[in-house]
Amino acid sequence: MGLFSKDIATLDDLFLHTLQDIYYAENQITKALPKMVDKATSPDLKAGFEVHLSETEGQIRRLDQVFGLLGKEPQGVTCPAIDGIIKEANEIAGDIADKKVLDAALIAAAQAVEHYEITRYGTLIAWANQLGQSQAASILAETLAEEKATDEKLTTMAEGQVNAEAEFADA
């Protein structure tokens, strides 16, 4: 079912499709985060990625709950957006030799992921409320709060240390 396919006829269909999209995305993120942990050199960044991996696993469990509320089995649909964001992050990270610059690139890649997730969860919450699924909206709001907090932590880390170190890295 593509985003603009005939299989999506109602807001309920669109809500389910977008839920499946973010479910796929979260599962892809759990595969990408261990690689980011391995590549990061900043101890704070490594620790942040490890914490976010644990949070992402919890977010998948929450999505399972939302699927259950809808009487649906949890399943994903391919999300070209998250696949592209992860692919781009891997390509950029593979091209950077200086570890300080690499850390800055990893933060930027992680924030691209966070911003995608923030848009998806915000939309899902609005639709859940519109569809009378207040319990689903509440569950999704927990995840949205975590995603926003992670984005803020990444910004603080970048602006407080990582970007400055990258600026003076060996050229």
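Biologist: At roughly what angle do the axes of α1 and α3 cross?
Modeller: They cross at roughly 10°, and the axes come within 10 Å. Keep in mind that this is a predicted model.

Biologist: Why is α1 called roughly parallel to α3?
Modeller: Angles under 35 degrees count as roughly parallel, so the crossing at roughly 10° makes α1 roughly parallel to α3.

Biologist: And which residues make the contact?
Modeller: From α1 you have Y24, A25, Q28, I29, A32 and K39, while α3 brings I82, D83, I86, N90 and A93. Sorted by class, that contact of α1 with α3 has seven nonpolar, two polar and two charged residues.

Biologist: Thanks! Changing topic: what volume does the largest pocket have?
Modeller: The largest pocket has a volume of about 320 Å³. It is lined by 24 residues, and L33, M36, F49, H52 and A110 are the closest to its centre.

Biologist: Which elements give two or more residues to that lining?
Modeller: Those are α1 (11–39), α2 (43–69), α3 (80–94), α4 (99–130) and α5 (134–167). The largest share, six residues, comes from α1.

Biologist: What's the lining like by class?
Modeller: The lining of the largest pocket has 15 nonpolar, four polar and five charged residues.

Biologist: Last one: what pLDDT does the protein chain average?
Modeller: The average is 92, and 95% of the residues score at least 70. Among the chain's elements, α2 has the highest mean pLDDT (96) and α3 the lowest (89).

How values were computed. Residues numbered from 1 in each chain as written. Predicted model: local features only at pLDDT ≥ 70, side-chain atom pairs only at ≥ 80, totals over all residues. Heavy atoms only, no water. 1 Å grid on protein atoms, 1.4 Å probe; cavity = no way out; pocket = protein on both sides within 12 Å on 5 of 7 lines; lining within 4 Å. Points joined across faces, edges and corners; volume = space filled by probe spheres on them. Helix = DSSP H or I, 4+ residues; strand = E, 2+ residues; numbered from the N terminus. Nonpolar A, V, L, I, M, F, W, Y, C, P; charged D, E, K, R; others polar. Axes fitted to C-alpha atoms, helices over the stretch in contact; angles between N-to-C directions. Parallel < 35°, antiparallel > 145°, perpendicular 65-115°, else oblique. Contact = heavy atoms within 4.5 Å. pLDDT = per-residue confidence, 0-100.
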